[in-house]
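Good morning, everyone, and thank you for making the time. Please have a look at the model on the screen, and then I will walk you through it.

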2 protein chains.
Amino acid sequence: MLELRHLRTLTALHETGSVSRAAKRVHLTQSALSHQIKVLQSHYGLPIIQRRGQSIELTEAGKRLVALSGKVLEEIQTAERDLARISQQTSGSLRIALECHTCFDWLMPIMDAFRQHWPEVELDLVSGFHSDPIKLLEEGGADVVIGSECQRRRGIVHHPLFRFEILAVLAPEHTLRGKRILQAADFADVTLITYPVPEERIDLIRKVLRPAGIHPQRRTAELTVAILQLVASHRGIAALPSWGIKSYVDHDYVIARRIGASGLWSDLYVSTLKETASRPYLRDFLMTAKNACFATLEGIIPLA
Amino acid sequence: MLELRHLRTLTALHETGSVSRAAKRVHLTQSALSHQIKVLQSHYGLPIIQRRGQSIELTEAGKRLVALSGKVLEEIQTAERDLARISQQTSGSLRIALECHTCFDWLMPIMDAFRQHWPEVELDLVSGFHSDPIKLLEEGGADVVIGSECQRRRGIVHHPLFRFEILAVLAPEHTLRGKRILQAADFADVTLITYPVPEERIDLIRKVLRPAGIHPQRRTAELTVAILQLVASHRGIAALPSWGIKSYVDHDYVIARRIGASGLWSDLYVSTLKETASRPYLRDFLMTAKNACFATLEGIIPLA
DNA sequence: CATAGTTATGAGTAGAATTCATTAATAATA
DNA sequence: TATTATTAATGAATTCTACTCATAACTATG
């Protein structure tokens, strides 16, 4: 009766607090999940979720099943790693090229876990700037690229990760603090604080400012914390992923504002060579990354 | 990809050592399992089973999945017990009437586990002889009957447990030791050692001897070990389930012979009132009993 | 009060898991 | 050695069920 799909659904419900968001998370329709829930509830004779206005909440029973889900899915993943070990497909290299600097925040713990699970895989971060990161894959300079490119190229697979919003980050006392939404024009006279990468790699500039003919001053810093410190001390404005600044915003260290009426969004993909895509350790890496991101990063949206 | 049904199949394969027997165990066709196995193998790129002449053997990968199965299915059962607790359907009574004396061998450890899992359920064995045990259910004298009756009666549900063979048990030096198969006539001059129950409850007498007009002498003992001791010391012949005497036969304490060309078989059912059947603790009891029996008793066959 | 966001539900569909029918292979029996 | 009885594998057909679609009912928000 109970099936693994139910468990996956339950964790998604738990993490999203909404049937429709959970549906996106598991790549099904809202209706499908609603049916699943109904079946479960009538089978156990217990409510699993409880409507709380807009969103939903898990009942005690629901929470118990989420706990089960955690254990079971974990054990399955472990078993599948062991199967890879048995089939001796356990070595190789995973050199990661990171297009999005902030991503290092969530990537680091995942890399740590990965090293534990796949001691024979050579794990590395490919440093330096690369104008065409996908080319790196073809040339053998990297095994995966984490970036926003997703154009079809032969021999390349793009695994969708998630969509996220880029917010403008300001000092709490900044003169623009009154505006709920910042427009391109608001950036005319400010210093933009960014990572040290070319302009075409900064979404705010490429998608918003340059089309509007605005070219603000730039100042760079290597680390997210350094950028935030500069922002907080009135050296300028930054544009960073919502999940990358959440804790700073929550502590009123900085404030965040939407860019443009519908916001500035960016998509993240994990790109690999087609051959690499089937390797067990790559599948495991992908799975862990997705799970970890959806579990820990707020405000991200699943991609097709 | 991997589904719970695969795990159930894997344990069945492990316990039976044969695809067709495993199929019976999970109530599917041999073909279905064969397809399942194929899917799994091609998905993991690994053989799961290996043909060993008639029977099959699990590969290392298969064994790893069986281990997974054990853990996962166990955790699910535990979670479902907790759900019952949450829905407060956790108390009631489970008074068991045992028609088959030998069954106590496998029932006892199950009862011990049950007591742990359902401390609020009043667990008991109903003692004494009952001419119509099913009537006990209707009269409220017992909650479940473990026996071989399965005639349809309104308000009663018979949950099939398994089919087993009843073997004649002889002292190793018995004069009949030369015969591979015993016929009714062979019992003409022997003493039959049985549990202290009426003749109509002894399958050997009801199905074989009485139809052949043979009425051997009887001597009774309460316990299986006592019966076997009498047999070993040449006081007579007994007729007991194959799984009940396995260890004694393996140690050459007694020998066992088939009764009639196709053997003497008996079916076991767990019968309850329809209302009782839906209680969580009853479902749990049934599930545990089936699993335990198929895991530990050799030579039993699943029923429809 | 309209609108954009939810969740719930019944009907229809598509896809996958199972059965059926058959073949090939292995072990037991004569 | 031939014969019979089991067992597993495979492809085609079928059955079933989980999903999508379309829609209704409902809730917050401006």
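This is a predicted model: local features need pLDDT of at least 70, side-chain atom pairs count only at pLDDT 80 or more; totals for chains, interfaces and linings use all residues.

**Domains, interface and symmetry**

Let me begin with chain A, where the C-alpha centres of domain 1 and domain 3 lie 36 Å apart. Chain A is divided into domain 1 (4–84), domain 2 (90–162 + 268–296) and domain 3 (163–265), with bounds that come from an automatic or database domain assignment.

Residues are numbered from 1 along each chain as its sequence is written, chains are lettered from A and ligands numbered from 1 in the order in which they are written, and side-chain values use heavy atoms, with hydrogens and water left out.

Now, how much area do chain B and chain A bury between them? The figure is about 2,300 Å², 66% of it on carbon and sulfur atoms, where buried area is the accessible area (1.4 Å probe) that two parts lose on being put together, summed over both. Three residues, B:Arg64, B:Glu75 and B:Leu83, supply 24% of what chain B buries against chain A, more than any other three residues. If we count contacts instead (heavy atoms within 4.5 Å), 24 residues of chain B meet 24 residues of chain A.

Side chains of opposite charge can pair when their charged atoms come close. Across this interface the rule finds two salt bridges, each being a side-chain nitrogen of Lys or Arg within 4 Å of a carboxyl oxygen of Asp or Glu. On the side of chain B that touches chain A, α1 (4–16), α3 (30–44) and α4 (60–86) each supply at least two residues, helices being DSSP runs (H or I, at least four residues), numbered from the N terminus. The largest share of that side, 15 residues, comes from α4(B).

Finally, how are the two copies related? Chain B can be laid on chain A with an RMSD of 0.1 Å by a turn of 180 degrees and a shift of 0.1 Å along the axis, using least squares on the C-alpha atoms of residues with pLDDT of at least 70 in both. That is the relation of a two-fold axis. In chain B, the C-alpha nearest the axis belongs to B:Val72, 2.9 Å from it.
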